[in-house]
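Got your viewer open and ready for a walk around? Load the model below, and we'll go from one selection to the next.

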There are 4 protein chains.
Amino acid sequence: MLKTTIIGGSGYTGGELLRLLLFHPEIEIVQVTSRRKLGEYVYQTHPNLRGLTKLKFTAPDDLHPVDILFLALPHGAAQKRIAEYAAAAKIIVDLSADFRLKDAAAYEKWYGKPHAAPDWLGKFTYGLAELHRAELQSAQYISGVGCNATAVNLALLPLLQADLLDTARPVIAEVKVGSSEGGAEPNPGAHHAERSHIARTYAAYGHRHTAEVIQESGLADVTLTMTSVDMVRGALATVHGWVRPGVALKDLWKAYRAAAAANPFLRVVKERRGVYRVPEPKILAGSNYADLGFDLDPESGHVVSICAIDNLMKGAAGSAVQALNLALGFEETLGLEFPGLHPI
Amino acid sequence: MLKTTIIGGSGYTGGELLRLLLFHPEIEIVQVTSRRKLGEYVYQTHPNLRGLTKLKFTAPDDLHPVDILFLALPHGAAQKRIAEYAAAAKIIVDLSADFRLKDAAAYEKWYGKPHAAPDWLGKFTYGLAELHRAELQSAQYISGVGCNATAVNLALLPLLQADLLDTARPVIAEVKVGSSEGGAEPNPGAHHAERSHIARTYAAYGHRHTAEVIQESGLADVTLTMTSVDMVRGALATVHGWVRPGVALKDLWKAYRAAAAANPFLRVVKERRGVYRVPEPKILAGSNYADLGFDLDPESGHVVSICAIDNLMKGAAGSAVQALNLALGFEETLGLEFPGLHPI
Amino acid sequence: MLKTTIIGGSGYTGGELLRLLLFHPEIEIVQVTSRRKLGEYVYQTHPNLRGLTKLKFTAPDDLHPVDILFLALPHGAAQKRIAEYAAAAKIIVDLSADFRLKDAAAYEKWYGKPHAAPDWLGKFTYGLAELHRAELQSAQYISGVGCNATAVNLALLPLLQADLLDTARPVIAEVKVGSSEGGAEPNPGAHHAERSHIARTYAAYGHRHTAEVIQESGLADVTLTMTSVDMVRGALATVHGWVRPGVALKDLWKAYRAAAAANPFLRVVKERRGVYRVPEPKILAGSNYADLGFDLDPESGHVVSICAIDNLMKGAAGSAVQALNLALGFEETLGLEFPGLHPI
Amino acid sequence: MLKTTIIGGSGYTGGELLRLLLFHPEIEIVQVTSRRKLGEYVYQTHPNLRGLTKLKFTAPDDLHPVDILFLALPHGAAQKRIAEYAAAAKIIVDLSADFRLKDAAAYEKWYGKPHAAPDWLGKFTYGLAELHRAELQSAQYISGVGCNATAVNLALLPLLQADLLDTARPVIAEVKVGSSEGGAEPNPGAHHAERSHIARTYAAYGHRHTAEVIQESGLADVTLTMTSVDMVRGALATVHGWVRPGVALKDLWKAYRAAAAANPFLRVVKERRGVYRVPEPKILAGSNYADLGFDLDPESGHVVSICAIDNLMKGAAGSAVQALNLALGFEETLGLEFPGLHPI
């Protein structure tokens, strides 16, 4: 059993990571840190783990050497102590935004301040197995992914890999998100009485995850428009673009099927009947699947590519464990078998 | 037009009061105070009022003399300055818990500290028109009502007025409540991700509103058990008791119909068909109705009396305006005509 | 008092119409028809009207002459009997899709069959006051509006009236809708267990309301992409387009403020602080407001225009009453004063 | 691998059973029947199973011999063909209400018609491991459990096993339920627009599951009062009774801890801090846990016992698999390890 420590385990991503690793057959959690919940049982914060673990939150100050270090800290924290963390474990998986971008200038543009450890940016592999499977197999430092970026990047994947998209035209990604995305900290806008039954387009453009989409897709003109809706988990990207001249619906079918065939967590959802004809985050809670759908207006070439994920799984902890499995030489799907629930 | 000031208008009850008074044909709001939102437009806090008023929140320190003073402060605040408030207006309506109980000892027992102005307790009339209509017609100082207490007191009203209840046996009131009841302040338990889809029996017994039920019903053995459910507005009291020997279903019909006939905001809801056969808070949002239902197990004499209200209306601002209408000699229903929406 | 009959009053739009007309100071409902609910009290279907009316549903066969006939029938029904209806009332307001399009060929294209009364298409005025105020003042036959079309048309209104949009480029309207839009008939996809917590992009393009947007906006290349989310009432249109070269944010401010100044039910919502900084359908339930917001990416000229409405009010019954008020010479806002609730 | 067939696999309980059995290490599904969905892939009805199985629904007419037959049919169907089913498999697990009651007279009283196979009633073991563990270890015919009955029976278990309850006094069980309990069939009351945000006490007394509580608890005077609330999965029983004279809170602690120690799926949830201080169905979706809490009013002896479950798991498919594990000599928890999600 490989030993691991989770730094910053009291947030929603940390909790999901705990759930996955407690059931992972090859990994043992030896320590979970949280300054704010110091000394409390982890199940008091993550009540679904009651009876499964006696772990308590410890201080993050003296780290025992372990095989794998997971960093689930607020954005900006990991980059300040990355050398120290690297001394404590051979493999690091950072779930924050700190090491997602390769380019220090892009980091400064999108995050509004210089990166504290720009030399480390090149050492990390972007932890999305669907885009970096080969690299991850020899990765030592793995960056987590932005949940919204992941929904958009996976919606774009079949179109880009099959070279169907007219990349000279704009791409508009409408992303619908749940309340867990904003984190567990209480704030006025997250109050149940204010956050229930909403459809709130809180960012028309400029969301930070755009940087990850630009980096990973290579697209120059791409916008993420963010709308909060009444769900707890889940992100749905409805991505609009235009196909190259001559591209037909059958080309899309081929491209999406190829993507699903090559990736164990991608599924094509495009049915003619039944309730679940298109991808929906609703049924993905707790699962690592990314469901893909598409449609094409043959008159205009307007293509709509859809990707649904659980933001805490494929959009965070699930992708991190999947990437780690690759780095460790395990089966990619190990510990990620839960299929989701219906109804829910 | 009578002039009024609302002290503490930034909470949910204050906002509902503002909505009602802006449309009240005989009352004009001259001032709304809030220390925390000082200088901001009230519509920034209460977005449904955008375009309807240019009022800004002012400091509560220098009060202009007005006809009516509404106090919508946190519990414990009004009792400290009641003499000062009384100097600023002839009529006071306090929506907090400060002047609901007649008995200073009961106040101390349920609220955990001595009352700061015990002499004033006797001057206030409990502002539930269905129980104190005559007194309210000559009231100068009106106390608001507890929302849960109101749902229970109105569920009990037909049974007690017709003397059908075996008052020697216990009464158990199961109250289901929405998230607006806890107020607008963010806290971990009110976070959308934690508060959605819940059924949380957060208080088995001992809820403070029990004191109001004891006072108004005269019952000695009554328990309020509180369960939070996934709704924003609304309180549903499902009240269990036992009828006196010989009481039959037809006696209940007579008692509930009499209650509805005597009170413009009480309705009996007991249908044999359709979706809405029983009282439900869902369709009462924004309305001042209290819907009553009942059932009787003839074998055991177990009676179940149900009352649904909007906690911010009949359970707070609506009852306050209704009581004030009586005190001012207006039609009891004035400004309270909105019937609620369906579907919602 | 003018007399009116509502044909087909058992659906959600019919219910909302009933609520509005029962409180309208100049109109009296004399008859409400429903074949399916024949003989039942209307409050059994529309429980918010309990205690407000003793009306029962009658058969639609023998119509008494009235001043105004509201048709709230399923699509396709009104066109078959329009001559008969016209004989029964001087003024007709049809809330279905039957008389929204001017062009019989467009009707056939979007609705999949020839129109049964093409000669009548030209007699109807499209009932959106913001676009046809002058015509409505002398209208005898008024067509209702599509709810999604209305959200999109009003989002486009400031841009088009101020000529800010590059109409040669595509317009993509992402519309988020609630469950009341699909009507009251039970179906598998509307089941609470399937419809809760969803983000379901059920139509990538080709929604029928597109025809109304093309007709009213004059745009050639416009797509409506429909996503169901977890709310009961409400439609939010997030409309993407590109401004003409040189158009800046201040030009948008001017255009949106001008639109709000000219129309009593349009409001601009674009705040820097607070929870409600952008338009949201959540707070509009029961109100006739259409809230407008916008943002502009100055680098690309990508403009995002947002419109939030209550689909049953501004998107159906509310616009219909507003249009009728104009036709009858009443104040445009008569009977439509309810401001909505917060929180809800 | 033991072979199994599921008769009637298109409902919610059938779907949950499929999910559990597809991951059960000792059982292989060879056939799933559904007349209504004949020929369709099971993942079209249960979308969480997409990619996990190629099974299609078959006709229930010619049954292949298998080791285990699961019956997930509507109530009343299994009893008509039980002899035929018994010929097809050695072990039968029936999830309907047909074989839960031991007494044919009780069946007729609560279900309104005579039982079609009264001789079979005595052959079935009631499939709640917490009450019948020893019997289940040699059971051939296992009955499923009522979800609401299970929540109440497990809330009562610690009190009855430790003999703390005054069984001469009435017991009132207030049960809050989600929308999956009513099944997948569309109906007007299950429509999202009608079923959202509700608190609907739809049955004051007389719910059929009462019969199972009477049978299993031995209590003479017990009422189930049912309230629908806005959740999809989950049942919460808040059970009111009175303890015997002299029973104190520490006796309850002892009894509940003993129950949890003796049963792998029972947990005590009674915390002084944090959000999750009491049992809540919210975090149990997909898990087989039954969380227990309690409180005692020392003045009156009024005890409130709380049990939260997932109605489709511990209240149906989960308990069935748990009971089957016992009958087959497997570890009781086999295939039931999923701990639930947080947040959700």
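Start by selecting Ala116(D), which is partly exposed because 15 other C-beta atoms lie within 10 Å. (The rule, with C-beta atoms placed from the backbone: 20 or more others within 10 Å makes a residue buried, 12 or fewer exposed, and in between partly exposed.) You'll find Ala116(D) in the loop between helix H4 (104-111) and strand E6 (124-126) of chain D. Helices here are DSSP runs of H or I with at least four residues, strands are runs of E with at least two, and both are numbered from the N terminus.

Before moving on, a word on the model: it is predicted, so local features need pLDDT of at least 70 and side-chain atom pairs count only at pLDDT 80 or more, while totals for chains, interfaces and linings use all residues. Residues are numbered from 1 along each chain as its sequence is written, and chains are lettered from A and ligands numbered from 1 in the order in which they are written.

What is Ala116(D) in contact with, leaving aside its neighbours within four places in sequence? Show Gln79(D) and Lys80(D). Contact means that the C-beta atoms of two residues, placed from the backbone, lie within 7 Å.

Next stop: Ser96(D), in the loop between strand E5 (89-94) and H4 of chain D. Is Ser96(D) buried or exposed? Buried, with 20 other C-beta atoms within 10 Å. Beyond four places in sequence, its contacts include Leu71(D), Pro74(D), His75(D) and Gly144(D).

Now pick helix H10 (residues 313-328) of chain D. Its 16 residues have end C-alpha atoms only 19 Å apart, short of the 22 Å a straight helix would reach at 1.5 Å a residue. H10(D) is largely enclosed by the rest of the structure, because 15 of its 16 residues are buried. Just after H10(D), Gly329(D) has a positive phi of about 80°.

Last, show chains A and C together. Here 39 residues of chain C are in contact with 38 residues of chain A. Among the elements giving two or more residues to chain C's side are strand E8 (171-177) and helix H7 (192-195).

Key
Expected span 1.5 Å × (residues − 1).
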